[in-house]
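Subject: Structure for you to look at

Hello,

Here is the structure I promised. Please open it and keep it beside this email as you read.

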Amino acid sequence: MPSSSTTRKRVARSPSPTYKLDDEEDYQPFVSVAQRRKEKLAKFTSWAGPSTQSAKRRQQEQQETEDAEKEQEREREQARRERTLLVEAQEVLSRKAAEDAQKSELQKAQEMDQEILDAIKSRRKLASDLELAQGIQYTESLNTSWRPPRYIRERSDADNKRIRDKYHILVEGEDVPPPIEHFVDMKVPEPLLDLFKANRIVSPTPIQLQGIPAAFAGRDLIGIAFTGSGKTLCFCLPLIMMALEEERKLPFVRGEGPVGVILCPSRELANQTYDNVVSWCAALGRSGKYPQLNTLLCIGGISMNEQAHVMSKGIHIVIATPGRLIDMLEKRKFTFNNCKYLCMDEADRMIDLGFEDDVRNIMSFFKAQRQTLLFSATMPKKIQDFAQQSLIRPVLVNVGRAGAANLDVLQVVEYVKQEAKMVYLLECLQKTAPPVIIFSENKNEVDDIQEYLLLKGVEAVAIHGSKTQEERQYAIKSFKSGAKDVMVASGVASKGLDFNDIQHVIIFTMPKEIEDYVHQIGRTGRSGRTGIATTFVNMNTPEPTLLDLKYLLLEAGQKVPPFLATIEDTQGGFGTGNGRGGRTLNRDYVIIITCQHITLLLASMAFVHPSRAGLVPRRASPEYSDYRPAPPRHIDETPRQGGGYGPSRQGYEPRQNHDMMESRRVQRASAVVDIWPPSPKAPAREISRKKSKRERSRSLSTDSSEEEYRRRKKERKRRRAARRERSRSPDDADEWVVKAVSAPAVAPPPIPPLADADAEAGSDSDDSLGPQPLVKQQAATKRIDEREYGGSLLRGEGSAMAAFLQDGTESRIPRRGEIGLTSDEIAQFENAGYVMSGSRHRRMNAVRIRKENQVISAEEKRGILKLQKEERERREAILREEFSELVSERLAAGTTTRQ
Ligand SMILES: Nc1ncnc2c1ncn2[C@@H]1O[C@H](COP(=O)(O)OP(=O)(O)OP(=O)(O)O)[C@@H](O)[C@H]1O
């Protein structure tokens with residue numbers, strides 16, 4: 001094989017290189033490119049000489065300064081953190097005070113005036129667009145059929161003032177109706193009085209005793225009274241009475257009504273007012289004396305189908321939240337054609353918290369003048385002023401200061417660090433027994449608190465604006481019924497809700513506005529009971545709020561904790577700047593005085609919401625979930641058929657139906673009915689205070705009549721003394737004076753001339769003393785009946801008197817002294833043909849009946865008692881006998897069985 005034969009050639013290889021690792025002379029260490037560039041750069045800069053070095057120094061110095069500044073800033077930050085917000089706020093305020101001090105008094109006054117002018121300029125009256133556009137201005141209050149009882153009408157102004165002072169009631173306004181201290185005197189229907197009594201409502205509270213008469217009289221009203229003082233009754237009762245009257249005039253048919261509407265800022269409050277009104281109307285209806293009234297609850301979150309039964313009839317009263325009411329009115333579910341009454345509960349909150357446009361919108365649905373009532377426990381002066389401009393001859397009834405806390409609430413303010421609040425809450429709950437309400441401004445916090453309490457085993461429910469209507473209703477219901485001990489709530493439950501006997505209110509987070517605080521603590525200490533309110537504050541609580549709180553505590557005579565006491569008002573009593581709460585009223589007051597002349601000049605000008613003028617941040621409270629901004633309304637400039645401007649609401653209504661409703665409205669307006677119970681008589685205490693007619697006429701009389709009066713008075717005195725003397729004599733024991741009639745009754749002798757009779761009867765018929773003459777002379781043969789004896793006799797009395805004169809020899813006349821005449825004098829009058837006056841005769845009749853009913857003499861009575869005794873003894877004897885028989889039988893039976 002040739003391949004095998006090939007020989008391998010030897011190749012001489014070059015020797016392998018030798019590395020001299022330990023040779024360091026030529027060694028070049030690896031230097032990265034970046035490093036090399038850096039070195040090169042350094043070389044270049046070193047070539048730049050001494051100027052570069054100085055730049056380096058500068059750089060270094062700069063660095064140092066920066067570091068120092070940073071250090072200082074850090075120290076400042078640390079110091080800032082260590083300082084409380086209160087100190088900071090105080091510094092700001094003192095800086096502001098120093099600035100203010102530099103301003104002249106004139107400048108300050110000008111600024112204030114400018115502030116209020118700005119507010120006034122763009123604010124319009126609370127009236128409908130139609131009224132504003134047409135310049136309709138009502139000058140007279142609504143006319144009603146209610147009149148106070150005569151004795152109250154005749155009461156002097158000084159007496160009225162005395163009553164108001166007694167109850168600490170302040171009133172403003174022209175011709176204010178008198179205060180009335182009893183429901184009966186207000187002419188409240190009897191079925192309601194009974195119901196009130198059953199609910200322990202016996203006499204009116206101060207706001208009621210002045211507010212109800214004013215509202216009954218048809219006056220526009222601003223009612224301010226502390227929480228739990230019974231304002232609800234004060235504005236519901238007049239509406240109920242008005243509805244009763246309208247229904248009586250002409251019963252409401254489907255599509256008619258309502259007569260009046262009550263607006264509430266929250267659904268829960270509307271629900272509660274609805275319950276009250278329904279129960280009061282039901283009591284009236286049940287009595288059978290008054291017609292049944294239909295009340296509609298009109299709030300968001302419920303289906304109106306649930307109330308289809310109400311809608312299918314005429315509606316008398318609507319209780320609503322603004323959003324749903326506008327919705328219903330716009331859908332023409334009902335109209336305000338017959339509506340004459342508008343009440344806003346918690347009115348300041350409604351006007352101030354973003355409902356103003358809604359309220360204005362609602363007002364534009366009214367077709368005629370209405371009676372407007374605004375009620376609240378808090379009513380800053382600005383709102384009062386604004387409201388007064390919008391009302392007609394308003395009466396302002398103020399019990400205590402607007403915005404003052406209820407004095408029945410013990411207020412405790414505690415400094416609790418934010419992180420310690422939750423734990424402290426549990427401890428705080430131990431203070432009292434349930435039920436307890438905890439308020440927090442923040443919905444998330446409300447949920448957190450509820451969760452925490454549930455975890456700790458506390459039966460708690462929560463309510464706030466983001467909960468569904470069912471959840472809200474469940475919370476209220478279970479808390480009211482006592483199934484849950486604690487309710488955690490946001491502001492939505494703070495106004496107007498009347499829970500049973502709340503023991504303790506805990507304010508977890510202090511609300512920014514002091515009015516909200518007043519409403520929140522007002523859930524306890526209601527209708528005369530006492531309660532506790534504990535409020536947590538800390539450095540997060542704004543200083544102005546703390547200041548308001550401090551002044552509120554001072555005003556209510558409560559303990560001010562040291563940390564609150566140290567806070568000083570650096571603005572010298574001129575308020576917190578929010579322009580509303582507590583102490584800020586001073587400021588409002590000053591503004592009103594300094595600007596009084598301007599206000600007068602601007603009386604006809606429109607008003608603006610302070611928020612629009614940039615005075616108060618405008619916000620719609622998120623708690624009021626019913627709040628919807630008013631839809632933009634197109635104001636049509638063309639006058640319409642019905643006269644007026646604005647969107648036509650009549651256009652939707654079928655003409656025929658409208659005509660019918662209109663004619664019914666006119667018919668109702670022209671009808672006159674009287675639903676008021678009769679005027680009660682003046683109670684004894686009033687009579688003693690009241691000047692008698694004679695006294696009054698005496699003050700106007702001449703000298704001769706004065707003499708005559710004295711003579712008569714003397715004569716009366718003499719007769720009275722003689723009567724007393726006789727009554728003391730032992731032989732005067734005979735009770736009855738029997739008129740001696742010698743012959744069968746004859747016609748009465750000729751009566752005195754009528755002129756005398758007139759003179760006698762001319763005085764007050766009820767109060768006149770002595771007998772009354774016959775109206776006309778009777779034929780001698782004619783049998784006389786009651787008619788002939790005058791209309792003043794009650795039925796039956798005349799016949800008795802006729803019988804007395806004609807038939808009876810045994811007829812009796814009253815006891816001596818009972819009518820201020822002796823029996824002889826009476827006999828003389830009787831013989832002359834007089835009969836007794838109405839009031840005296842009534843008494844005589846009563847005595848006669850009593851005597852006639854008294855069928856047994858003392859002798860007979862003794863006989864009866866004797867008989868009764870004998871009868872009792874007889875029966876006892878029988879019983880004894882029966883018993884001894886029974887015993888002997890048993891004994892005999894026992895002996896036989898033993899044998
Ligand atoms: N004349 C009265 N006498 C006794 N209790 C009354 C009287 N009038 C009302 N009340 C009771 O007082 C409680 C509080 O009444 P109401 O809710 O009307 O107070 P309010 O002034 O409207 O309170 P708020 O300002 O919180 O809304 C109710 O339970 C009510 O039944």
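This is a predicted model: local features need pLDDT of at least 70, side-chain atom pairs count only at pLDDT 80 or more; totals for chains, interfaces and linings use all residues.

Six strands form an open sheet with parallel pairing. Their order is β9-β14-β13-β10-β12-β11. Find the edges next: they are β9 (409–415) and β11 (460–463), and each pairs on one side only. From one strand to the next, the twist averages 20 degrees.

Strands of a sheet pair through backbone hydrogen bonds, in either a parallel or an antiparallel way. Look at β9 and β14 (residues 531–537) as an example. This pair is parallel and has seven bridges. In it, V413 sits opposite T535 of β14.

**Helices on the sheet**

Helix α19 (residues 443–455) packs on the sheet. It touches β10 (436–439), β11 and β12 (486–489). The directions of α19 and β11 make an angle of about 170 degrees.

Helix α21 (residues 514–521) lies across β9, β10, β13 (504–507) and β14. Relative to β13, α21 runs at about 150 degrees.

**The ligand**

Now move to the ligand. It is surrounded by 19 residues, and the closest are G228, K231, T232, D498 and R526.

- K231: a polar side-chain atom at 2.7 Å.
- R526: a polar side-chain atom at 2.8 Å.
- G230: a backbone N or O atom at 3.2 Å.

On its own, the ligand has 640 Å² of accessible area, and the protein covers 84% of that.

Best wishes

Key
Residues are numbered from 1 along each chain as its sequence is written. Side-chain values use heavy atoms; hydrogens and water are left out. Two strands pair if DSSP finds at least two bridges between them. Helices (H or I, at least four residues) and strands (E, at least two) are DSSP runs, numbered from the N terminus. Axes are lines fitted to C-alpha atoms, for helices over the stretch in contact, and angles run from 0 to 180 degrees between N-to-C directions. Contact means heavy atoms within 4.5 Å. A residue is near a molecule or strand if one of its heavy atoms lies within 4 Å of it. A polar contact is a pair of N or O atoms within 3.5 Å; within protein, one must be able to donate a hydrogen and the other to accept it, and residues adjacent in sequence count only if both atoms are side-chain atoms. Accessible areas come from the Shrake-Rupley method with a 1.4 Å probe; for residues, only the protein chains shown count as cover.
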